[in-house]
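Subject: The structure I promised you

Hi,

Here is the structure we talked about.

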Amino acid sequence: MIEHLSAEQISQWMVGERTPQLEQHVTGCAACRGELAQLESTLSQFRSAMRDTSSTVGAPAWREPAPSSWFTWPRMALTAAALVILVVAPLSWRAHVEQQNVREQAVQVALSDSQLLESVDSEISQAVPEPMEPLVTLATWNSTAAQKQKLQRQ
């Protein structure tokens with residue numbers, strides 16, 4: 001036979017899990033029967049106190065918190081910031097790419113202009129007949145070079 005009920009066996013009894021051995025022991029042991037009666041009395045008093053409190057207050061003390069609204073200031077600020085980033089980032093990237101394309105085009109135009117000027121300069125600097133020499137000195141880009149040519153011919 002069981003000597004006295006353990007805390008686990010008492011919990012099983014209170015929950016309603018009563019084995020034939022537990023029932024036999026409780027009927028035969030006054031100490032365990034008294035302990036179970038005292039625990040049932042305590043739980044009954046607690047239950048009635050909770051019912052009384054909830055009926056006088058009008059609402060249970062463990063009321064669930066109200067669901068928070070989505071429209072709170074921090075959420076709105078974060079949403080606005082995210083929208084600004086989503087709109088401004090692609091626009092600034094596009095402007096950056098267009099600016100890069102303009103720079104590349106400017107470099108290509110400057111290069112083609114430079115090549116054209118070199119071509120014209122090389123054609124002008126070719127030896128010309130003597131009657132046209134004054135024109136060569138006028139069209140030469142470097143005036144010191146034109147003066148040297150003039151001095152050499154004299």
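Predicted model: local features only at pLDDT ≥ 70, side-chain atom pairs only at ≥ 80, totals over all residues.

Residues are numbered from 1 along each chain as its sequence is written, and side-chain values use heavy atoms, with hydrogens and water left out.

**The core**

The largest nonpolar core has 8 residues: Leu5, Ile10, Trp13, Leu22, Val26, Cys29, Cys32 and Leu36. A nonpolar core here is a set of buried Ala, Val, Leu, Ile, Met, Phe, Trp, Tyr and Cys residues joined through side-chain atoms within 4.5 Å. Buried means under 20% relative accessible area, exposed means over 50%, and partly exposed is in between (1.4 Å probe, protein chains only). Helix H1 (7–15), H2 and helix H3 (30–57) are the elements that give two or more residues to this core. Helices are DSSP runs (H or I, at least four residues), numbered from the N terminus.

Which residues of helix H2 are buried? In H2 (residues 20–28), they are Leu22, His25 and Val26. They sit on the same side of H2, because they cover an arc of only 100° around the axis (the arc is that of the directions from the helix axis to the C-beta atoms). Pro20, Thr27 and Gly28 are exposed on the other side of H2.

You might look for a disulfide (a pair of cysteine sulfur atoms within 2.5 Å), but the whole structure has 0 of them. Cysteine 29 has its nearest cysteine sulfur, that of cysteine 32, 3.6 Å away, and that is too far for a bond. Cysteine 29 is buried at 12% relative accessible area, and cysteine 32 is buried too, at 3%.

**Along helix H4**

There is 1 salt bridge in the structure, meaning a side-chain nitrogen of Lys or Arg within 4 Å of a carboxyl oxygen of Asp or Glu. Glutamate 98 forms it with arginine 94, and their closest N and O atoms are 3.3 Å apart. Both residues lie in helix H4, 4 residues apart, or about one turn of the helix. Glutamate 98 is partly exposed at 43% relative accessibility, whereas arginine 94 is exposed at 55%.

Valine 87 is also in H4 (residues 73–124).
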